[in-house]
Amino acid sequence: MHLFRRPLLAVAESTLIENLVRRGGLSNGLVRRFVAGEDLDTALEAAAEIAKQGMTTTLDQLGENVTTINEARAAVSSYTTMLGRMAEAGVEPNISVKLTMLGLDLGDELAHTNMTPILDAARSVRGFVRIDMEGSSYAERTMRIFATLHDRFDETVGIVVQSYLHRAEGDIRAMIERGARVRLVKGAYAEPATVAFQSRREIDDNYVRLMELLLDRGRYPAIATHDPALIRSARGYVGRMHIPRDRFEFQMLYGVRRDAQADLTAAGFRMRVYVPYGSQWYPYFTRRIAERPANALFVIRQLVSG
Ligand code: FDA
């Protein structure tokens with residue numbers, strides 16, 4: 001994990017900083033780089049544009065950690081509408097959701113119940129719902145809820161495993177066993193040494209090990225990273241093992257390493273872009289900033305001069 005990530009994520013939690021950054025809103029160039037727009041129409045336009053370049057998308061209506069049942073209900077309704085609108089617009093109905101936006105902080109039962117209409121809606125349009133993985137305090141509950149949903153919805157639902165967590169290998173083996181689709185990521189939250197590897201080397205080595213397990217035995221895994229060394233390693237492995245290119249996909253975030261997205265597509269690999277949109281962009285944005293020193297310096301310069 002980058003040394004500066006933890007303090008940066010902590011600073012981002014201050015209300016003062018949040019208000020300062022939010023003041024510029026989506027007109028802020030750096031926010032617009034990572035967030036496709038305020039509403040579904042803009043996100044659909046972005047998805048159509050990406051499709052023209054030969055890539056697929058997963059749409060994320062930004063939001064997390066709702067505190068009332070009504071907010072969670074509103075999220076259910078907007079996700080089900082979203083899936084229908086995507087199908088109508090000819091955009092593949094593939095979305096990414098967070099259980100804390102569906103009421104996980106209010107109880108596992110609520111999050112589970114709220115997922116059901118979303119998965120019914122996805123199934124009816126032959127779509128797919130990926131459950132993003134959040135901070136480690138949610139990992140066990142998220143995996144349990146996922147397992148119950150996967151029993152009923154099978155290939156309509158998938159999960160994320162973070163290679164920085166000590167538990168990741170166990171989760172990967174369990175997901176391979178149940179034939180569930182996994183997106184493998186490094187992990188974006190500040191986690192303590194009790195649950196997560198802290199050095200880049202350990203996180204990356206674990207990523208490679210888990211990626212190879214998934215490529216060998218997993219069900220249509222998603223290799224989600226912008227890291228050139230890991231991408232090289234994935235390409236080398238599938239080449240050596242003669243793994244067909246339609247058995248897995250690469251995934252990257254909207255606005256990050258567009259050159260690498262285009263290169264992999266041109267080389268004949270499947271590439272899916274994660275397209276976030278909506279007014280609740282602040283927490284997502286701060287995680288993206290914490291991933292790269294240059295981004296953080298840019299924000300600090302803007303705050304100081306503005
Ligand atoms: P790393 O951080 O080492 O970056 C490698 C290189 O990529 C950098 O040197 C830089 O060039 C470029 N880069 C990476 N991030 C950048 C940024 N923000 N701005 C500019 N350049 C950047 N995490 C999680 O905890 N739960 C989840 O559900 C998901 N979901 C998810 C979906 C998809 C499709 C992706 C690609 C990523 C996630 N993540 C996630 C985020 C993930 O855990 C991780 O934080 C980021 O992908 C950054 O890690 P990299 O693997 O890209 O490597």
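I am working from a predicted model.

**Entry: helix α6**

I started with α6, which covers residues 108-124. I counted 17 residues in this helix. From first C-alpha to last, α6 reaches 25 Å, close to the 24 Å expected at 1.5 Å a residue.

Next I looked up which residues of α6 are buried. The list is Leu110, Ala111, His112, Asn114, Met115, Thr116, Ile118, Leu119, Ala121 and Ala122. What do the buried residues of α6 pack against? I found two helices among the partners, α5 (69-89) and α7 (139-153). Strands β2 (94-97), β3 (128-131) and β4 (157-162) are also partners.

I then checked what comes just after α6. Arg126 has a positive phi there, about 55 degrees.

**Entry: α4 against α5**

I turned to α4, residues 40-52, which packs with α5. The angle is about 40 degrees, and the axes lie 11 Å apart. The two helices are therefore oblique to each other. I noted the crossing of α4 past α5 as right-handed.

Which residues of α4 and α5 meet? From α4 I listed Leu40, Asp41 and Leu44. From α5 I listed Met82, Arg85, Met86 and Ala89. Sorted by type, the contact has 5 nonpolar residues, 2 charged and no polar.

**Entry: Arg272**

Last, I looked up Arg272, which sits in strand β8 (residues 271-277). Is Arg272 buried or exposed? Its relative accessibility is 5%, so Arg272 counts as buried.

I also listed what Arg272 touches, leaving out residues up to four places away in sequence. Thr56, Thr57 and Thr58 are among its contacts.

How values were computed: Residues numbered from 1 in each chain as written. Predicted model: local features only at pLDDT ≥ 70, side-chain atom pairs only at ≥ 80, totals over all residues. Heavy atoms only, no water. Helix = DSSP H or I, 4+ residues; strand = E, 2+ residues; numbered from the N terminus. Expected span 1.5 Å × (residues − 1). Buried < 20%, exposed > 50% of the residue type's maximum accessible area, 1.4 Å probe, protein only. Contact = heavy atoms within 4.5 Å. Axes fitted to C-alpha atoms, helices over the stretch in contact; angles between N-to-C directions. Parallel < 35°, antiparallel > 145°, perpendicular 65-115°, else oblique. Left-handed = near helix turned anticlockwise from the far one by under 90°. Nonpolar A, V, L, I, M, F, W, Y, C, P; charged D, E, K, R; others polar.
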